[in-house]
Amino acid sequence: MVPAEAEADILAELRRLRARVPQLTGVLAASADGLVLAQESAAAEAESLAALTAAALGVAQRLSDCTGQGGFRELLVRGERGYVATYAAGDSAVLTLIAEPRVNVGRLHLEARRSTLYITELIEQSLGRRGPEAPPGGAAPPGREPDRLPDRP
């Protein structure tokens, strides 16, 4: 779905996210249809998690629409041994986090929301979509390389 360069940038963001929230035991970026884009975890079953995330996303989207709450933004599941959180990353991707039970959920949301904004921008740029700041013809805005986003601190 995304070029190798964008995949590397997404993976780097997942690593930074894990560094900012040390209680994360796994992080996965996937397409909305369940394909793994990048993962940063010890779990070997990323494909299964991506497929389950896509299924949960479908249910969450319907629930959100049905109740008049608008478009899907995030889903939080609390289990006996921790949390699973899924966040929309634009229209075509999701970010799923697995966290220990002692995670600060407010911090989890804050950092995940920041990461999803960056990942959304990476994906949209790799697919050739530009935000409103892009001039006609697809050229990059002044001060920005055409095919790269600035590195995150």
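Two strands pair if DSSP finds at least two bridges between them. Helices (H or I, at least four residues) and strands (E, at least two) are DSSP runs, numbered from the N terminus. The model is predicted: local features need pLDDT of at least 70, side-chain atom pairs count only at pLDDT 80 or more, and totals for chains, interfaces and linings use all residues. Residues are numbered from 1 along each chain as its sequence is written, and side-chain values use heavy atoms, with hydrogens and water left out.

**View 1. Strands S3, S4 and S5.** Strand S3 (residues 74-79) pairs with S4 in the antiparallel sense, over six bridges. The two form a hairpin with two residues between them. S4 also runs antiparallel to S5, joined to S5 by seven bridges. Tyrosine 87 of S4 is the bridge partner of glutamate 74, and in S5 tyrosine 87 has leucine 95 as its bridge partner. The S4-S5 hairpin has three residues between its strands, and in that turn glycine 90 has a positive phi of about 75°. Six of the eight residues of S4 are buried, so this strand is largely enclosed by the rest of the structure. Buried means under 20% relative accessible area, exposed over 50%, and partly exposed in between (1.4 Å probe, protein chains only).

**View 2. The largest pocket.** A pocket is an open set of points on a 1 Å grid over the protein atoms alone, where a 1.4 Å probe fits, with protein on both sides within 12 Å along at least five of seven lines; lining residues have an atom within 4 Å of a point. The largest pocket holds about 340 Å³ of space, a volume being the space filled by probe spheres set on the points. Its lining has 18 residues, and Phe72, Arg73, Ala88, Ala89 and Gly90 lie nearest the centre. Helix H2 (46-66), strand S4 (82-89), strand S5 (93-99) and helix H3 (105-126) each give two or more residues to this lining. H3 gives the most, with four residues. By class, the lining has nine nonpolar, five polar and four charged residues. Here Ala, Val, Leu, Ile, Met, Phe, Trp, Tyr, Cys and Pro count as nonpolar, Asp, Glu, Lys and Arg as charged, and the others, Gly among them, as polar.

**View 3. Helix H2.** From its first C-alpha to its last, the 21 residues of H2 reach 30 Å, close to the 30 Å expected at 1.5 Å a residue. The expected span is 1.5 Å times one less than the number of residues. Ala46, Ala50, Thr53, Ala54, Leu57, Ala60 and Ser64 are the buried residues of H2. Seen down the helix axis, they fall within an arc of 135°, so they line one face of H2. The arc is that of the directions from the helix axis to the C-beta atoms. On the other side of H2, Leu52, Val59, Arg62, Leu63 and Cys66 are exposed. Alanine 55, also in H2, counts as partly exposed at 46% relative accessibility.

**View 4. Isoleucine 123 in helix H3.** Isoleucine 123 is placed in helix H3 and counts as buried, at 1% relative accessibility. Isoleucine 123 and valine 2 are 121 residues apart in sequence, but 6.7 Å apart in space, C-alpha to C-alpha.
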